[in-house]
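Here are some short notes for a first look. Please keep the structure open while going through the points.

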Amino acid sequence: MARSSPVLLPMLALAAAATLFTSHTFVPPAAEIQSMQGRVLAQSAAAATALTAGALPVLAEELDAAEAYNQKWLTATGYCLSLCFFLVFIIISQGKKLVENKWLN
């Protein structure tokens, strides 16, 4: 494994500390905080409106029984295959460990 420079970690810690101390050195006035809160609320409301406007046509569609069944079946298949891949990965990695420890010889 490659070793990093002994100067890198202290420099990163110093940079992180400097950014924390400079960003919170002075407390902004109350009027500025209230105006920031108003902007955040307005921006979040606009974003929520834009997101729900795109989702409304999808919610308006009605699925027939065959489509709903296919959707459920595909979802269940996806979950089962994900679990199978996860278990196969665990079995392979544990087998490698046993071979490296010479327990299978």
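1. Start with burial. In this predicted model, buried residues account for 0% of the protein's 105 residues. The cut-off for buried is under 20% relative accessible area.

2. Next, the surface. The protein exposes about 10,000 Å². Carbon and sulfur atoms supply 72% of that area.

3. Now the fold elements. The protein has three helices and zero strands. Along the sequence the pattern reads α-α-α.

4. Look at helix H3, residues 65–100. How far apart are its end C-alpha atoms? They are 53 Å apart. H3 has 36 residues, and at 1.5 Å a residue it should span 52 Å, so the two values agree.

5. Then check what follows H3. Lys102 comes after the helix, and its phi is positive, near 60°.

6. Turn to the cysteines. How many disulfides does the structure hold? It holds zero. Cys80 is in no disulfide, and its nearest cysteine sulfur belongs to Cys84, 6.6 Å away.

7. Are they buried, exposed or partly exposed? Cys80 is partly exposed, at 48% relative accessible area. Cys84 is partly exposed too, at 43%.

Note on methods:
Residues numbered from 1 in each chain as written. Predicted model: local features only at pLDDT ≥ 70, side-chain atom pairs only at ≥ 80, totals over all residues. Heavy atoms only, no water. Disulfide = S-S within 2.5 Å. Buried < 20%, exposed > 50% of the residue type's maximum accessible area, 1.4 Å probe, protein only. Helix = DSSP H or I, 4+ residues; strand = E, 2+ residues; numbered from the N terminus. Areas by Shrake-Rupley, 256 points an atom, 1.4 Å probe, with all protein chains shown as cover. Expected span 1.5 Å × (residues − 1).
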